[in-house]
Amino acid sequence: MKLQDFATLDQKYGFDAIAADKELAQDIQKVLISLKFLEPPADGSFGPLSTDALIEFEETFNCPEKNFLGKEAASKLLQTSPNDLPQPKLNLGNDLASSIIKYM
């Protein structure tokens with residue numbers, strides 16, 4: 001099943017169910033790779049690295065569905081772009097590099 005199709009359904013898939021659907025797993029991996037939550041390749045094998053990446057995505061974007069894929073998480077995966085990712089905070093100190101960054 002395609003991720004687009006899953007987003008229109010009112011279903012919940014655990015990680016084992018995602019792993020059993022190679023097409024869905026690969027679609028999810030492609031999105032997670034594009035958002036830098038997962039390293040390539042998108043091979044359709046939804047193992048621990050893919051699972052951890054999906055959990056991190058759900059936590060980052062406050063998905064109400066945790067530790068499984070539901071309609072809202074699927075929709076959020078499809079709608080999120082790299083520009084939507086939160087920017088990391090810089091911990092600037094009093095060193096030279098921090099001073100340079102402060103004045104940029």
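Ser 50 sits in helix 4, which covers residues 48-60. The model described here is a predicted one. The chain contains six helices and zero strands. Its radius of gyration is 17 Å, well over the 13 Å that the globule rule gives for 104 residues, so the chain is more spread out than a compact globule.

**Ser 50 and its surroundings**

- Ser 50 has a relative accessibility of 5% and therefore counts as buried, since the cut-off for that class is under 20%.
- Setting aside neighbours within four places in sequence, Ser 50 is in contact with Gln 29, Leu 32, Leu 38 and Ser 45.

**The chain as a whole**

- Along the sequence, the order of elements reads α-α-α-α-α-α.
- Taken along the principal axes, the box filled by the C-alpha atoms is roughly 50 × 25 × 20 Å.
- Buried residues make up 37% of the 104 residues in the chain.
- Among contacts with a separation of 6 or more, 42% are between residues 24 or more positions apart.

**Surface and charge**

- The chain has an accessible surface of about 6700 Å².
- Carbon and sulfur atoms account for 52% of that surface.
- There are 10 positive and 16 negative side chains in the chain.
- The centres of the positive set and the negative set are 5 Å apart.

**Helix 5**

- Helix 5 runs over residues 71-79, and its buried residues are Ala 73, Ala 74 and Leu 77.
- Viewed down the axis of helix 5, these buried residues fall within an arc of 100°, so they line one face of the helix.

**The loop between helix 3 and helix 4**

- Lys 36 belongs to the loop between helix 3 and helix 4.
- The phi angle of Lys 36 is near 70°, which is a positive value in a residue other than glycine.
- Lys 36 counts as exposed because its relative accessibility is 71%, and the cut-off for that class is over 50%.
- Pro 41 is also located in the loop between helix 3 and helix 4.
- The peptide bond joining Pro 40 and Pro 41 is cis, with omega at about 10°.

**The loop between helix 4 and helix 5**

- Asn 62 is placed in the loop between helix 4 and helix 5.
- With a relative accessible area of 62%, Asn 62 is exposed.
- Although Asn 62 is not a glycine, its phi is positive, at about 50°.
- Asn 62 and Ala 73 are 11 residues apart along the chain, and their C-alpha atoms are separated by 9.3 Å.
- Ala 73, at the other end of that distance, is one of the buried residues of helix 5.

Conventions: Residues numbered from 1 in each chain as written. Predicted model: local features only at pLDDT ≥ 70, side-chain atom pairs only at ≥ 80, totals over all residues. Heavy atoms only, no water. Helix = DSSP H or I, 4+ residues; strand = E, 2+ residues; numbered from the N terminus. Buried < 20%, exposed > 50% of the residue type's maximum accessible area, 1.4 Å probe, protein only. Contact = heavy atoms within 4.5 Å. Rg over C-alpha atoms; globule rule 2.2 N^0.38 Å. Areas by Shrake-Rupley, 256 points an atom, 1.4 Å probe, with all protein chains shown as cover. Lys, Arg positive; Asp, Glu negative; His and termini not counted. Charge placed at Lys NZ, Arg CZ, Asp CG, Glu CD. Arc of directions from axis to C-beta.
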